[in-house]
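Please open the model beside this note and follow along point by point. Each point takes one part of the fold.

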Amino acid sequence: MLVTRLAEYAPKYHHVKLERDDLGILVARMHTDGQDLVWGHDPEEELASLWEDIARDPENRVVILTGSGETFIDKEGFGGMSVTPEMWHRIHFTGRRLVLSHLDIEVPMIAAINGPATIHSEIALLCDITLAAETAVFADRPHFSNGLVPGDGIQVIYPLLMGFNRGRYMLLTGQHIPAGEALSLGLVNEVLPSGDLMARAMELARGLAVKPDLTLRSTRNLFTQLIRRAFQDNVGYGLMAEGLAAMNYWPSDDLGD
């Protein structure tokens, strides 16, 4: 296996700040210029590559994923794009890596969802433990309500976690699910005041990090096996369906995934 080291890959990423302590707990904080992350092609490609670097670094023992400012991912900066087969091929390639490489990480992942997660919320929900601030809201803003097929993995994770009928309803109606409801539906494990979120994530991470390395990695692999199969079967097809609809029905500008 090609081994990576934090000192080598951390400087590559402009939209994720990486810090790791002596226990091997890696905190990955998404941002744009130190503030709330603005989603776009660059953050998407960075995260897809980051998962691969994290997976190849044997010193990572637990990963905490969180956002900056008041949001997890709730802002986007797409615009001025022409929907062409070549452009969508790039989206298809990166979109598959974004979710499948996430699942290739062999250590437990904790999502500290610090605010609204209305764009690519599957990034948080694919983690093994999900903690949400009281201000968190879950939705899928970019897709069906804007004429796009929800095909990038969002169509897999919501039905998987909260049931097929609830998941379809949420994606078709543009439903926004606040943190308390997300807890009752099984989307998140705990809801906390914003000020307590990272402390609780670190507390849980320390409890995991003391376990034997092989136990951590083998358990994560067991937990992701079923999810991996579902994503492998559906994300490539889903992104192709999304691209077909986009090229036929969506204007040539302000398109994003």
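**Notes on the fold**

1. Start with helix α5. Its buried residues include Ile 154, Val 156, Ile 157, Tyr 158, Pro 159 and Met 162. Buried means under 20% relative accessible area, exposed over 50%, and partly exposed in between, with a 1.4 Å probe and protein chains only. Helices (H or I, at least four residues) and strands (E, at least two) are DSSP runs, numbered from the N terminus.

2. A word on the source. This is a predicted model, where local features need pLDDT of at least 70, side-chain atom pairs count only at pLDDT 80 or more, and totals for chains, interfaces and linings use all residues. Residues are numbered from 1 along each chain as its sequence is written, and side-chain values use heavy atoms, with hydrogens and water left out.

3. Now see how α5 ends. Gly 163 follows the helix. The phi of Gly 163 is positive, near 100°.

4. Next, the helix pair. α5 spans residues 154-162 and α6 spans residues 164-173. Their axes come within 6 Å and cross at roughly 135°. That makes α5 oblique to α6. (Angles under 35 degrees count as roughly parallel, over 145 as roughly antiparallel, 65 to 115 as roughly perpendicular and the rest as oblique.) Axes are lines fitted to C-alpha atoms, for helices over the stretch in contact, and angles run from 0 to 180 degrees between N-to-C directions.

5. Which residues meet between α5 and α6? From α5 come Ile 154, Gln 155, Tyr 158, Pro 159 and Met 162. From α6 come Phe 164, Arg 166, Gly 167, Met 170 and Leu 171. Contact means heavy atoms within 4.5 Å. Seven of the residues in this contact are nonpolar, two are polar and one is charged. (Ala, Val, Leu, Ile, Met, Phe, Trp, Tyr, Cys and Pro count as nonpolar, Asp, Glu, Lys and Arg as charged, and the others, Gly among them, as polar.)

6. Turn to the sheet. Six strands make an open, mixed sheet, ordered β1-β2-β4-β6-β7-β10. β1 (16-20) and β10 (190-192) are at the edges with a single partner strand each, so one side of each has no neighbour in the sheet. On average, neighbouring strands are turned by 20° against each other, direction ignored.

7. Look at β2 and its two partners. β2 pairs with β1 in the antiparallel sense, over five bridges. Arg 20 has Leu 26 in β2 as its bridge partner. β2 (residues 25-30) also pairs with β4 (residues 62-66), in the parallel sense and over five bridges. Here Ile 25 stands opposite Val 62, and Arg 29 stands opposite Thr 66. Two strands pair if DSSP finds at least two bridges between them.

8. Stay with β2. Five of its six residues are buried. The hairpin of β1 and β2 has four residues between the strands. In this hairpin, Gly 24 takes a positive phi near 90°.

9. Finish with helix α9, residues 213-249. Beyond its neighbours within four places in sequence, Arg 228 is in contact with Leu 103, Asp 104 and Asn 221. Thr 215 is also in α9. Thr 215 is partly exposed, at a relative accessible area of 41%.
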